[in-house]
Amino acid sequence: MKFVCEGMILSDAALTVSKACAVKTITPILECIQLQAKNDGLILKAYDGEISIEKKIQAEVLEEGEVCINGKTFADFVGKIAAFEVVISADERGVIIQYGESESYMQALPSSDFPQFGGNAAGEDNFFGAKESDLKTLISKVVFCCATDESRPILKGCLLEAADGKLTATALDGFRMATSYCELTECSGNMKIVCPARTLVEISRMLDGDESLKIYASKNILSVEVQDTIITSRLYAGEFVRKENIYPIEFTTTVRVNRNEIMGSVERASVLIRGNKDNLVIFDIKAGKIVINANSDMGKIEETVAADFEGKELKIAMNSKFLSDALKALEEDTVVLSFNTSVSPFTLENIEDKRCQYLVLPLRTSSTQA
């Protein structure tokens with residue numbers, strides 16, 4: 001194998017593909033990027049057992065062939081020589097990288113060991129489409145609520161439901177839930193899949209236009225192509241939590257408040273409780289105002305934020321990070337917080353645009369249950 005290409009193009013491609021390289025695995029080949037030089041280009045591919053990223057770039061192929069090289073090391077190295085034209089060749093010893101008047105060598109693994117998983121493996125029959133900008137926004141509104149631990153693996157994914165002209169996304173981690181939707185541009189039929197959060201993050205990173213993007217999905221695999229990059233991912237199997245069983249039907253207390261004012265107050269409180277396990281803040285909701293309290297070994301804070309109030313007065317404790325994350329995801333100047341009791345889930349949403357909603361479980365404390 002031998003090819004010549006621009007260092008900047010190679011660096012960008014290696015960085016993109018290396019996101020699918022495994023970390024700390026007992027299978028070294030999953031830490032690799034596979035380089036395939038053939039015809040008039042170079043294909044870079046990585047697969048960590050869950051997600052595959054494949055990208056094709058222009059290259060002058062002098063000798064066709066393929067080889068596997070540690071992905072993180074390769075991406076970091078070629079990033080340092082992006083200003084050069086790069087010549088890469090492979091033999092039985094490894095990979096030789098030439099740039100300017102210099103030359104470097106890296107160990108490699110045989111390409112025959114690389115697992116075959118990638119391309120449009122999901123087939124052509126089941127798909128849905130949405131504008132790139134709408135899909136990017138949708139992902140940003142929900143993905144931060146996906147679980148990060150292994151106790152319930154399916155919650156590390158996001159439920160995507162394509163039906164009635166809409167793509168609805170739902171994510172929850174056991175303590176909070178996000179739901180949002182965008183309009184579909186096309187759809188082969190109603191479908192429901194659970195996609196890993198990290199797959200959606202990688203898809204989102206590729207989206208910067210306003211064209212319609214088609215996503216193919218089968219029972220177990222999702223595939224999407226953006227320009228010269230293909231992402232293929234396994235989907236999670238199992239029954240996802242039904243949001244209809246969690247989201248309250250009605251509320252006894254409703255508060256309308258300026259988003260920037262309440263977010264600023266919560267963030268100031270978060271400074272004093274930084275490092276505390278539950279990031280605890282207490283809202284004392286009364287007519288015309290919310291009194292926000294937080295205490296820690298570092299100090300205490302009490303602030304008052306003006307609010308339109310309807311219903312019963314309430315004192316409720318919550319995780320300030322969960323609250324702050326939801327407030328940052330909302331966009332309007334005025335937001336609505338709706339409550340029932342000090343131990344019941346409460347919700348946050350824009351006052352007008354109802355495309356996204358957030359639900360947070362409160363924290364139980366002696367002061368709020370008195």
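Reply: What follows covers the cores, a pocket and some paired strands.

Reply: Keep in mind that this is a predicted model.

Me: Ok. Which residues touch the most other members in the largest nonpolar core?

Reply: Leu10, Leu44, Phe74, Phe283 and Leu348 do, in a core of 99 residues. Helix H6, residues 320-329, gives this core its largest share, five residues.

Me: What does leucine 10 touch?

Reply: Leaving out residues up to four places away in sequence, Leu10 touches Cys5, Leu42, Leu44, Ile57, Phe74, Val78, Val86 and Ile88. A second, separate core has 10 residues, including Ile154, Leu159, Leu172 and Leu359.

Me: New topic. What is the volume of the largest pocket?

Reply: About 340 Å³. The pocket is lined by 18 residues, and those closest to its centre are Leu159, Lys192, Val194, Gly238 and Phe240. Leu159 is also a member of the second core.

Me: Which elements give two or more residues to that lining?

Reply: Strand S11 (157-163) and strand S15 (191-196). S15 gives the most, with three residues.

Me: How many of the lining residues are nonpolar, polar or charged?

Reply: Eight are nonpolar, three are polar and seven are charged.

Me: Back to S11. Which strand does S11 pair with?

Reply: S11 runs antiparallel to S12, and five bridges join them. One of the pairs is leucine 160 with alanine 169 in S12. The hairpin they form has two residues between the strands, and aspartate 164 there has a positive phi near 55 degrees.

Me: Last one. Which strand do five bridges join to S1?

Reply: Strand S7, residues 85-90, which runs antiparallel to S1, residues 2-6. Lysine 2 stands opposite serine 89 in S7. Five bridges also join S7 to strand S8, residues 95-99, again antiparallel. In that pairing, valine 86 stands opposite tyrosine 99; Val86 is also one of the residues that Leu10 touches.

How values were computed
Residues numbered from 1 in each chain as written. Predicted model: local features only at pLDDT ≥ 70, side-chain atom pairs only at ≥ 80, totals over all residues. Heavy atoms only, no water. Core = buried A, V, L, I, M, F, W, Y, C linked by side-chain atoms within 4.5 Å. Buried < 20%, exposed > 50% of the residue type's maximum accessible area, 1.4 Å probe, protein only. Helix = DSSP H or I, 4+ residues; strand = E, 2+ residues; numbered from the N terminus. Contact = heavy atoms within 4.5 Å. 1 Å grid on protein atoms, 1.4 Å probe; cavity = no way out; pocket = protein on both sides within 12 Å on 5 of 7 lines; lining within 4 Å. Points joined across faces, edges and corners; volume = space filled by probe spheres on them. Nonpolar A, V, L, I, M, F, W, Y, C, P; charged D, E, K, R; others polar. Pairing = 2+ DSSP bridges.
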